[in-house]
Amino acid sequence: MQHLVDTDDLTKEQIVTILKESASFKKRTPAPLLSGKLLFTLFFENSTRTRSSFEVAARRLGADMVHLEPSRSSTKKGETLEDTFSNLCAMEPDGIIIRHSENDTPSHLANMQETPVINAGAGNYAHPTQALLDLFTIYEWFDGEIEGLKVAIVGDIINSRVASSDIRLFSRMGLDISLVAPKPFMPIATKLPQFEKIEDVIDNVDVIISLRAQLERHKKPIFENYEEYARHYCITEELLEDRGILVMHPGPVMRNIDISDEILEDPRCMVLDQVKNGVYVRMAVLKMLLLDSRD
Ligand code: NCD
């Protein structure tokens with residue numbers, strides 16, 4: 001049984017297969033390869049893109065999906081998460097897609113070995129399908145020539161599971177990462193090059209990944225005024241000028257704080273392409289876990 005708790009669960013060959021299969025799903029609609037399969041989603045945190053993207057991916061491959069609303073489920077009546085999970089597994093699904101505020105929850109449930117567990121975002125540590133769709137977006141734009149590309153990750157890096165997952169996956173695939181953030185947003189233990197100003201990296205990057213300040217994870221407000229923060233970290237026309245830099249963001253975007261209105265309309269901005277690609281990447285992931293890796 002294969003899980004996707006972190007991209008480290010995948011071999012390099014499997015990562016390449018996911019990239020190639022995502023590209024082929026994007027070119028033509030596949031047969032309903034997962035017809036008769038059943039997936040549960042169990043999201044303990046809000047989601048717009050990720051949950052619907054998994055659902056669209058599952059449906060396009062012919063699988064059925066049942067959403068459990070944790071706020072209305074028995075975990076609210078005192079049932080442990082493990083018991084809720086085992087009860088869902090008793091209905092014999094082919095996988096459970098989970099989002100949780102704790103970093104360890106998906107790995108803990110995966111270790112119960114009852115059904116494949118797919119992590120749809122956990123704490124500030126891992127969001128493997130977002131990292132894979134980010135990588136696929138870069139792979140497609142640069143025609144598969146990704147080794148040595150220079151990526152700057154900008155914003156609330158320390159609290160972002162997207163940053164953490166992107167860093168692990170991209171480093172493994174040979175991309176060159178720099179971190180750009182004010183001190184309170186910079187991870188403490190990192191060997192990656194760190195910069196306080198975007199201007200210090202702008203002439204030496206191929207891709208910028210902008211991140212939202214994870215306000216819901218801040219124990220107390222870090223900046224009183226995000227307009228002041230935006231003056232240094234917002235991706236604007238004045239900053240990019242005519243440089244051919246790809247601008248990415250996992251969403252939700254805080255307009256004019258993370259990325260300006262003009263850049264969101266600019267052809268260099270990949271935000272909606274990332275959302276579109278997310279469906280194909282999740283189709284490739286579901287196929288790999290539910291079909292190709294079944295024992
Ligand atoms: C992110 C998340 O929830 O981890 N969004 C996403 O899944 N596309 C990032 C965020 O909330 O800022």
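**Entry 1**

I began at Phe185, which is buried, with a relative accessible area of 0% (buried means under 20% relative accessible area, exposed over 50%, partly exposed in between, with a 1.4 Å probe and protein chains only). The model is a predicted one, in which local features need pLDDT of at least 70 and side-chain atom pairs count only at pLDDT 80 or more, while totals for chains, interfaces and linings use all residues. I number residues from 1 along each chain as its sequence is written, and side-chain values use heavy atoms, with hydrogens and water left out.

A search of the whole structure gave me seven aromatic pairs (rings of Phe, Tyr and Trp, the last by its six-membered ring, pair if their centres lie within 6.5 Å; planes under 30 degrees apart count as stacked, over 60 as edge-to-face and the rest as tilted). Phe185 and Phe223 form one that is edge-to-face, at 5.3 Å centre to centre and with 90 degrees between the planes. Phe185 lies in the loop between β6 (176–180) and β7, and Phe223 in the loop between β8 and α7 (226–233), so the pair ties together parts that are 38 residues apart in sequence. Helices (H or I, at least four residues) and strands (E, at least two) are DSSP runs, numbered from the N terminus. I noted that Phe223 is partly exposed, with a relative accessible area of 24%. Ring pairs link Phe185, Phe223, Tyr226, Tyr229 and Tyr233 into a cluster.

**Entry 2: the sheet**

I next traced an open sheet of five strands, whose order is β7-β6-β5-β8-β9, with parallel pairing (two strands pair if DSSP finds at least two bridges between them). At its edges stand β7 (194–195) and β9 (246–248), each with a single partner strand, so one side of each is left without a neighbour in the sheet.

Strand β5 (residues 150–154) is joined to β8 by four bridges, and Val151 stands opposite Val207 in β8. Three bridges then join β8 (residues 207–210) to β9, where I found Ile208 partnered with Val247 and Ile209 opposite Met248. From β8, Val207 and Ile209 point one way and Ile208 and Ser210 the other, and all are buried.

**Entry 3: Met248**

Met248 counts as buried, at 0% relative accessibility. From Met248 to Leu272 I read 9.1 Å, C-alpha to C-alpha, across 24 residues in sequence.

**Entry 4: the cores**

I then turned to the largest nonpolar core, of 83 residues, in which Leu132, Leu135, Ile153, Phe170, Leu175, Ile198 and Ile235 touch the most other members (a nonpolar core is a set of buried Ala, Val, Leu, Ile, Met, Phe, Trp, Tyr and Cys residues joined through side-chain atoms within 4.5 Å). Helix α10 (residues 271–292) gives the most to this core, with eleven residues. At least three core residues come from each of domain 1 (7–126 + 275–292) and domain 2 (129–274), the bounds being from an automatic or database domain assignment. A second, separate core has twelve residues, including Val5, Leu42, Cys89 and Leu109.
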